[in-house]
Amino acid sequence: MDALAEYNKNPIGESRDTTFGEIYEKWSEAKYPTLDRSTANGYRAAWKRLAVLAEEPMRNIKKSHLQDVINSMIEEGLSRSSLEKAKTLCVILFDEAMSDDIVDKNYAKLIELPPARKTKKETLTDLEIKKLANLAEQGDIWAGTVLILIYTGMRPAEMLKLTKFNVNTVNWTITGGVKTDAGRDRIIPVHSKIKKYISYWLSQPGSRLITRNGQAISVDYYRKSIFKPTLLRAGIERELTPYCTRHTFATLLNEAKVPTKNIQDLIGHSDYATTANTYTHPDIEELRAAIEQI
């Protein structure tokens with residue numbers, strides 16, 4: 001009777017004994033071509049850990065089996081992002097199995113991860129900014145791009161996507177941005193400290209504002225081959241990412257006692273009061289006065 005009940009629940013057939021690994025192979029073959037390289041590589045790295053369950057039929061895998069894999073990753077000291085990627089992949093694979101009636105419950109959603117630790121946002125110090133400014137004054141064009149990031153608060157991807165048409169040299173503003181409605185197409189006054197660097201790039205070939213030999217630059221290339229070497233040339237040996245310039249910008253504005261509303265307008269955040277969001281619009285000269293305080 002027990003066997004009959006199990007049969008009625010999971011009829012014997014081609015899919016009954018489908019393994020975890022077979023589900024992954026089917027899913028990865030269809031999905032990897034549609035994913036960007038970094039995302040696909042993240043899932044591949046996660047699968048290397050989960051592959052210990054590859055030969056196990058999906059119907060036999062419960063939360064405890066998945067949790068054991070995650071716990072071993074935790075013991076090895078893997079990053080929070082690696083743990084999240086592994087759980088996400090498990091959820092995806094169980095959803096795939098459920099869609100084919102191989103399992104009727106997604107145990108992956110029950111996986112427990114350790115609490116995320118809030119990391120301190122890295123920023124450049126005043127001395128480090130001065131070192132970069134000195135390097136840029138000596139003609140280092142890439143140091144100038146780091147200063148552009150520091151004094152606009154743009155994300156690296158936003159800066160690298162700018163075209164020359166995004167720069168208005170009549171009133172010296174930059175229009176650009178990505179990611180959120182508040183950040184997209186926001187207007188940023190060009191700080192007096194970076195006008196000459198913006199002007200330099202406007203005179204260079206290519207439709208993009210900042211290029212390498214007239215060609216667009218990827219964020220990954222900028223981070224590895226431009227940003228880090230530039231910091232080293234400036235005498236900054238700390239391990240920093242380009243995104244630290246955005247935190248630096250916000251910190252400088254805050255230290256200069258710039259009103260929160262102006263900071264949010266400048267960096268493109270939308271989490272200020274609904275009244276301000278609905279009934280007020282940032283005045284360019286007000287923002288210019290704010291940005292010049294740093």
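**Entry 1: Q67**

I began with Q67, which sits in helix α4, residues 63–75. This is a predicted model, so I read every value here as computed. Is Q67 buried or exposed? With a relative accessibility of 10%, Q67 is buried, because the cut-off for that is under 20%. I then looked up what Q67 touches beyond its neighbours within four places in sequence, and found L110, I111 and E112.

**Entry 2: the cores**

Next I turned to the nonpolar residues. How many residues does the largest nonpolar core have? I noted 49 residues, and L132, L147, I150, I210 and Y222 are those with the most contacts inside this core. I also wanted to know which helices build it. At least two residues each come from α6, α7 (141–152), α8 (156–161), α9, α10, α11 (244–255), α12 (260–267) and α14 (284–291). The largest share belongs to α7, which gives eight residues.

Which residues does I210 contact, once its neighbours within four places in sequence are left aside? My list reads W142, T145, I148, M159, L160, W201 and I217. Of these, W142, T145 and I148 fall inside α7, while M159 and L160 fall inside α8.

**Entry 3: cysteines**

I checked for disulfides and found zero in the structure. C90 is buried, because its relative accessibility is 1% and the limit is under 20%. C244 is buried too, at 3% relative accessibility.

**Entry 4: positive phi**

Last, I went through the backbone angles. Most residues other than glycine have a negative phi.

D101 is not a glycine, yet its phi is positive, about 60°. D101 is exposed, because its relative accessible area of 64% is over the 50% cut-off.

N213, also not a glycine, has a positive phi of about 55°. This residue, N213, belongs to the loop between α9 (195–202) and α10 (219–233). Is N213 buried or exposed? N213 counts as exposed, with a relative accessibility of 74%.

Conventions. Residues numbered from 1 in each chain as written. Predicted model: local features only at pLDDT ≥ 70, side-chain atom pairs only at ≥ 80, totals over all residues. Heavy atoms only, no water. Buried < 20%, exposed > 50% of the residue type's maximum accessible area, 1.4 Å probe, protein only. Helix = DSSP H or I, 4+ residues; strand = E, 2+ residues; numbered from the N terminus. Core = buried A, V, L, I, M, F, W, Y, C linked by side-chain atoms within 4.5 Å. Contact = heavy atoms within 4.5 Å. Disulfide = S-S within 2.5 Å.
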